[in-house]
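Subject: Structure for your review

Dear colleague,

I am passing on the structure that we spoke about, with the sequence alongside. Please open it first and keep it beside you while you read the notes below.

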Amino acid sequence: MKRLAALALMPVAFGTLSGCGLHPMYAGGTHGPVAEKLAQVEVGQIGGQAGWLMRNALVDRLGASGNAAPKYKLEVELSDQLTGLGIRSDNTVTRERRTLRARFRLVTADAEGTTLLDASAGSNTGIDVVSSDYATVAAEQTALENLVNDLADQIVARVATFAHRDQAR
């Protein structure tokens, strides 16, 4: 009897949840309005190794097909900082913090270049400095790659939110 009552109340519960005003951002998959806008974003060149990694991560996430002329351009400036934290009495560093920050602007690809979105994103991580230089350099490189992926996710989420709000107008 309790199961029957629970089954009878399910449509009521789900009916009230669907009326909350939330809508899926990526409705329609790769053919949805947000995905189509993201595919129209061209990512500008970004200097340095971190910039190369960031540009590739953004291009992968935005899904730019390269077939159509882009309507938007994403300009990104990176700041990569490595700071020593744990210092021994002999002045050797035992712990580092790698911080990656990005300032990004979404502009129209026309001659005017109107700024549509101007924001920043950032992330940091800790790195253990060990006696092996190779292991420390490998850890720093892995940290950079992870930070780039984190920032690329943040940037694409912000651009997708803008595209979702813009298509609702």
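Strands S1 and S2 run parallel and are joined by three bridges, where helices (H or I, at least four residues) and strands (E, at least two) are DSSP runs numbered from the N terminus, and two strands pair if DSSP finds at least two bridges between them. Val-43 has Leu-74 in S2 as its bridge partner. This is a predicted model, in which local features need pLDDT of at least 70 and side-chain atom pairs count only at pLDDT 80 or more, while totals for chains, interfaces and linings use all residues. Residues are numbered from 1 along each chain as its sequence is written, and side-chain values use heavy atoms, with hydrogens and water left out.

The pairing of S1 with S2 belongs to an open sheet of four strands, ordered S1-S2-S3-S4 and mixed in its pairing. Strand S1 (41-43) and strand S4 (115-128) are the edge strands, each of them pairing on one side only. From one strand to the next the twist averages 25°; axes here are lines fitted to C-alpha atoms, for helices over the stretch in contact, and angles run from 0 to 180 degrees between N-to-C directions.

Strand S2 (residues 72-87) and strand S3 (residues 93-108) run antiparallel and are joined by 15 bridges. Within this pair, Gln-81 stands opposite Thr-99 in S3, and Gly-84 has Glu-96 in S3 as its bridge partner. The hairpin of S2 and S3 has five residues between the strands, and Asn-91 takes a positive phi there, near 65°.

Helix H3 (residues 48-62) lies across S1 and S2 and runs at about 130° to S2. The helix has 15 residues and reaches 21 Å from its first C-alpha to its last, close to the 21 Å expected at 1.5 Å a residue, the expected span being 1.5 Å times one less than the number of residues. Its buried residues are Ala-50, Gly-51, Leu-53, Met-54, Ala-57, Leu-58 and Leu-62, buried meaning under 20% relative accessible area, exposed over 50%, and partly exposed in between (1.4 Å probe, protein chains only). Seen down the axis of H3, these buried residues fall within an arc of 165°, so they line one face of the helix; the arc is that of the directions from the helix axis to the C-beta atoms. The exposed residues Trp-52 and Asp-60 sit on the face of H3 turned away from its buried side. After H3 comes Gly-63, with a positive phi near 70°.

Which residue does the side chain of Arg-98 meet in a polar contact? Arg-98, found in strand S3, counts as buried because its relative accessibility is 11%. Its side chain makes a polar contact with the side chain of Asp-80, at 2.7 Å; such a contact is a pair of N or O atoms within 3.5 Å, and within protein one must be able to donate a hydrogen and the other to accept it, with residues adjacent in sequence counting only if both atoms are side-chain atoms. Leaving aside neighbours within four places in sequence, Arg-98 is in contact (heavy atoms within 4.5 Å) with residues including Gln-81, Ser-123, Glu-140 and Leu-147.
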